[in-house]
Amino acid sequence: MSSVFFSYSHADEALRDQLEKQLAILKRQGLIETWHDRRIDPGQEFGGEINTHVENDDIILLLISSDFLASEYCYEKEMLRAVERHERKEAIVIPVILRDCLWHDTPFGKILGVPTDGKPVTQWPDRDQAFREVAQAVQKAAKRPGGSAQSQALSKAIHQVSPLITEPRIRSSNLRVSKSFTDRDRDVFLREAFDYMAKYFENSLTELASRNPEIEGTFRRIDANRFTAVCYRGGKKVSACTIFMGSEHFGGIAYSGSENAATNGFNEQLSVEADDQALFLKSLGMGVGRQEGVKLTFEGGASLYWDMLIEELQ
């Protein structure tokens, strides 16, 4: 069994949780065991526990984002040491690109990252597919011949000389507690949701045209807070929309069924809401079947607005 360590910023804790769910099947199969700093029990020394896993675990997942790169502890204490062990073939480092950032010129930039081509997880239309690719990379690393034996031997030697290092404790897996979210958390979530939606529309219009020769789609980013999308059939405009973030009376993401840079009105709107575990998008439900009350992910919100755009084509 290979031991897996999550090196991550707490700003990305929700994404880490989603990845750990994808890895659950590998744990059930007895292929891996996972650890991150939320497993530290009260009274244990924080730095020492993390250092034990950085120095001994077989697979180290670097969950990369701007917050990770900005964290001195993640960068200096965890990542640099992990890369050293990777170069010495003492461990396998897998960079997991969670959010878009300047990571290519870092010490781990020469290591093949996941998902495919280093496309950030948050930019995938289907986030489960992105995390499945990460899980497959972990599965492959765990099955690599001799991959874990080397680290296990090292761990055994350290345990023999250091009685202070203890075996994992038997404990409950029900450790979830309620979370709170600041105004900054909501603002960052809203911005990332809008940027995701813009990429979703741009890519979807391109794919729509490639599959349907009679259809042409145009995407235009007006500014940081607005973009338009238009669909033509045989040169005739069939549907169009303007999607914008924020207005005088509304602070979420709005949809207007016209190609108009003005943001005076809208046909649907998404707001940022939260439960005791996560932030999500919520539709006002201004149209029939518009998922009123449903907790929407980035993909869910983008899909809702995309369906409104192309329904005239269908």
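**Note on the predicted model**

1. S256 is buried, with a relative accessible area of 11%; buried means under 20% relative accessible area, exposed over 50% and partly exposed in between, with a 1.4 Å probe and protein chains only. S256 is found in strand β8, residues 253-256. Leaving aside neighbours within four places in sequence, S256 is in contact (heavy atoms within 4.5 Å) with A240, C241, T242, F244, G265, F266 and N267.

2. On the basis of these values: this is a predicted model, in which local features need pLDDT of at least 70 and side-chain atom pairs count only at pLDDT 80 or more, while totals for chains, interfaces and linings use all residues. Residues are numbered from 1 along each chain as its sequence is written, and side-chain values use heavy atoms, with hydrogens and water left out.

3. On the whole chain: the protein has 9 helices and 11 strands. Helices (H or I, at least four residues) and strands (E, at least two) are DSSP runs, numbered from the N terminus. Of the 314 residues, 44% count as buried. Among contacts between residues at least 6 apart in sequence, 57% join residues at least 24 apart.

4. F108 lies in the loop between β4 (92-97) and α6. At 0% relative accessibility, F108 counts as buried. Not counting residues up to four places away in sequence, F108 touches L62, I64, L69, M79, V83, P95 and W103. P95 is 13 residues from F108 in sequence, and the two are 7.2 Å apart in space, C-alpha to C-alpha.

5. In helix α1 (residues 13-22), the buried residues are E13, L15, R16, L19 and E20. Seen down the axis of α1, these buried residues fall within an arc of 155°, so they line one face of the helix; the arc is that of the directions from the helix axis to the C-beta atoms. An α-helix has 3.6 residues a turn, so residues three or four places apart point the same way. The buried residues of α1 pack against β1 (2-7), α2 (24-28), β2 (32-35), β3 (59-64) and α6 (127-142).

6. Helix α8 (residues 183-211) packs with helix α9 (residues 298-310) at an angle of about 45°, their axes 9 Å apart. Axes are lines fitted to C-alpha atoms, for helices over the stretch in contact, and angles run from 0 to 180 degrees between N-to-C directions. The two helices, α8 and α9, are therefore oblique to each other; angles under 35 degrees count as roughly parallel, over 145 as roughly antiparallel, 65 to 115 as roughly perpendicular and the rest as oblique.
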